[in-house]
Amino acid sequence: MQETVHVSLGDRSYDVEIGPDLIATAGARIAPLLSRPRVSVLTDETVAGLHLDALRDGLSAAGIEMSSLALPPGETTKRWPQFERAVEWLLAEKVERRDIVVALGGGVIGDLAGFAAAVLRRGVRFVQIPTSLLAQVDSSVGGKTGINAPQGKNLIGAFHQPSLVLADTAILNSLPPRDFLAGYGEVVKYGLLGDAAFFDWLEQNGPALAQGDMAARVQAVTRSVQMKADIVARDETEQGDRALLNLGHTFCHALESATGYGPRLLHGEGVAIGCALAFELSSRLGLCAQEDPSRVRAHLRAMGMKTDLADIEGDLPDADALLDLMAQDKKVIDGQLRFILARGIGDAFVTSDVPRDGVRKLLQDALAAR
Ligand SMILES: NC(=O)c1ccc[n+]([C@@H]2O[C@H](COP(=O)([O-])OP(=O)(O)OC[C@H]3O[C@@H](n4cnc5c(N)ncnc54)[C@H](O)[C@@H]3O)[C@@H](O)[C@H]2O)c1
Ligand SMILES: [Zn+2]
């Protein structure tokens, strides 16, 4: 039960290996990349407590030594202070140009460690071992790395592709259900943006994979990574097609900003709600069938996920304030709101041609239903 997805980017190409218990053989998998048998691992304290010993064993089985630094878990780690700590630790560890940095953790650790690797000695290679579903299907693939600024999320960073990604689907067993379902929001997004058959499959198999069906997990992660890899290979630095990956994200970023990027709304939860809103908007604009938004919402509901604005606890700003937050999204070009809309399930496209009034009315109605 193991799959490999190749990310084709010329001399920056790499494999994403997907399957249960890969961490036990991490050493043999990483060894071909090494010029000497040691690696430096960046992780967070939660993941370290659960999985660092297994990684140490997996590496030492191939004669590879490791040192590690565990940072505090959570989004606030993705800022200058912990970044500085990580880079200085890597220098103290005497990581050289030909060495490998390993990121063991969710998207926070992957983004921070990737950026540290990008700037350390003007760039060292790194391996992603993503431990959250979100990191396995999204953040560990594609080479976007970085940290947050006081002015906004992910504003400081670099494109730096990993040399290998090991997505161990058994590691997800320790992930809290809420984090698992948040990551599933990104999985659904792939079906919605470009693969109707995958969305059908998720309708059938989503509940089983959330319950722990390993074959279904491997299949869902593999299909998601394939889709991301294809899009990234076509458009590595987001000049065009890569924007499709932002389906649901313009709404999501406004909601995350309104809720303070905290536990009220996880990123993947905002993506799920944002996808439902994007389909509702597409239907109102006559682009897709009226049944499509209902079907999207029905699946999210069946999975026990947040689906509507009503599922977000506490106050939300009014429609105009949400529109202003959407306009602050860094994907805005020349002040034009860019949306990912859909002609149907599995058929999304990028457009700047969206009437502001239509979006305002959509948000007003969604807020009124709370
Ligand atoms: N680079 C990209 O292309 C990209 C894409 C999407 C998201 N992101 C970034 O990813 C981050 C979010 O990632 P995330 O949701 O993985 O957050 P995260 O890294 O904070 O992980 C979520 C929580 O789960 C815990 N955790 C992780 N793996 C676990 C496991 N196996 N068992 C138990 N607990 C575990 C972590 O300690 C953390 O508390 C954001 O900063 C976002 O900006 C980046
Ligand atoms: Zn996302």
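Modeller: Start with Gln 136. Gln 136 is buried, because its relative accessibility is 0% and buried means under 20%. Keep in mind that this model is predicted. Gln 136 sits in helix H5. Its side chain reaches the backbone oxygen of Asp 168, at 3.0 Å.

What is Gln 136 in contact with, once its neighbours within four places in sequence are left aside? The list is Pro 130, Thr 131, Val 141, Ala 167, Asp 168, Thr 169, Leu 172, Val 221 and Val 225. Now bring in the domains. Domain 1 covers 3-173, and domain 2 covers 177-368. Two of the contacts of Gln 136, Val 221 and Val 225, carry numbers that fall in the range of domain 2.

So much for the residue; next comes the interface. The C-alpha centres of domain 1 and domain 2 are 27 Å apart. Domain 1 gives 28 residues to the contact, and domain 2 gives 27 residues. About 2,400 Å² is buried between domain 1 and domain 2. Carbon and sulfur atoms give 69% of that area.

Which elements supply at least two residues each to the side of domain 1 that touches domain 2? They are strand S1 (3-7), strand S2 (14-19), helix H5 (133-139) and strand S8 (152-159). H5, the helix of Gln 136, gives the largest share of that side, with 5 residues. By type, the side of domain 1 that touches domain 2 has 14 nonpolar, 9 polar and 5 charged residues.

Charged pairs come next. Side chains of opposite charge can pair when their charged atoms come close. Domain 1 and domain 2 have 4 salt bridges between them. Look also at Lys 144 and Glu 238. They form a salt bridge, and their closest N and O atoms are 2.6 Å apart.

Now step back to the whole structure. It holds 31 salt bridges. Take Lys 78, which has two partners to look at. With Asp 111, Lys 78 forms a salt bridge whose closest N and O atoms are 2.9 Å apart. Lys 78 lies in the loop between strand S4 (65-71) and helix H3 (80-92), while Asp 111 lies in helix H4 (residues 107-119), so the pair ties together parts that are 33 residues apart in sequence. Are these two buried or exposed? Both Lys 78 and Asp 111 are buried. For Lys 78, the relative accessible area is 3%.

Glu 75 also meets Lys 78 in a salt bridge, at 4.0 Å from N to O. Glu 75 is partly exposed, at 28% relative accessibility.

One more pair is worth a visit. Asp 311 and Arg 301 form a salt bridge, with their closest N and O atoms 3.2 Å apart. Asp 311 lies in the loop between helix H11 (291-302) and helix H12 (319-327), and Arg 301 lies in H11, so the pair ties together parts that are 10 residues apart in sequence. Asp 311 is partly exposed, at 25% relative accessibility. Arg 301 is partly exposed as well, at 42%. The pair also belongs to a network: salt bridges that share partners join Glu 280, Arg 284, Arg 297, Arg 301, Asp 308, Asp 311, Lys 361 and Asp 365.

Note on methods: Residues numbered from 1 in each chain as written. Chains lettered and ligands numbered in written order. Predicted model: local features only at pLDDT ≥ 70, side-chain atom pairs only at ≥ 80, totals over all residues. Heavy atoms only, no water. Salt bridge = Lys/Arg side-chain N within 4 Å of Asp/Glu carboxyl O. Buried < 20%, exposed > 50% of the residue type's maximum accessible area, 1.4 Å probe, protein only. Helix = DSSP H or I, 4+ residues; strand = E, 2+ residues; numbered from the N terminus. Domains from an automatic or database assignment. Contact = heavy atoms within 4.5 Å. Buried area = accessible area lost by both parts, 1.4 Å probe. Nonpolar A, V, L, I, M, F, W, Y, C, P; charged D, E, K, R; others polar. Polar contact = N/O pair within 3.5 Å; in protein donor to acceptor, adjacent residues only side chain to side chain.
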